[in-house]
Amino acid sequence: MLKHLLRRLFCQPSRNSPVGDNRGDRSSVPAPAVVPIPDPIREVPKPVADTLSKLSRERLSQCHPDLQRVVELAAGRYPMAVIQGHRGEKEQNEAFSRGNSKLKWPNSKHNSLPSMAVDLVPMPLDWNNVKRFDELAVVVKAAAKELGVELVWGGDWKSFKDRPHYELRRSTSPNSSNSN
Ligand SMILES: [Zn+2]
């Protein structure tokens, strides 16, 4: 009984099956190959520094043009945020009180306009992941070197390690000492 059924199923394809109906025989002609049309919108490359947020760009805009160039270049290579550009008097003295800065107004390199210092963090931000701050520093230092900008990283300081902090080595402000 089973053999009979199998034979019916596999050895005698039905002539009136809709699948086997080749009337007109159009289905046996291969369809022309579909050539995908390139999408010009998708092929536009992303801007180099599109990892920077609007707020980061606002803060960066208060920084010395050399710092801006370095950050723009580095931001295209490593996700980051600018958490500080210029610091006004109130902000500076608050940073001093919190222990985020060793200096009172107007002695930080953040206090001039344009700011001679910028604070950068890797994104997404995890303050405990020191390794990522170090990775970011490698990228930022490389960008500075490429652009011929002499940069000092706060993470290289011995007494007070300030990993988000980057400043221009040469100060244009008589008020600025070399700290955060
Ligand atoms: Zn700083």
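Four strands make up an open, antiparallel sheet in the order β1-β2-β4-β3, where strands are DSSP runs of E of at least two residues and helices are runs of H or I of at least four, numbered from the N terminus, and two strands pair if DSSP finds at least two bridges between them. This is a predicted model, in which local features need pLDDT of at least 70 and side-chain atom pairs count only at pLDDT 80 or more, while totals for chains, interfaces and linings use all residues. Residues are numbered from 1 along each chain as its sequence is written.

- β1 pairs with β2 (residues 117–122) in the antiparallel sense over four bridges, and the bridge partner of Gln84 in β2 is Asp119.

**Helix α5**
- The buried residues of α5 (20 or more other C-beta atoms within 10 Å of their own, with C-beta atoms placed from the backbone) are Arg132, Phe133, Leu136, Ala137, Val140, Ala143 and Ala144.
- These residues cover an arc of only 145 degrees around the axis (taken from the directions from the helix axis to the C-beta atoms), which puts them on the same side of α5.
- On the other side of α5, Lys131, Val138, Lys145 and Glu146 are exposed, that is, with 12 or fewer such atoms.
- α5 is followed by Gly148, whose phi is positive, near 70 degrees.
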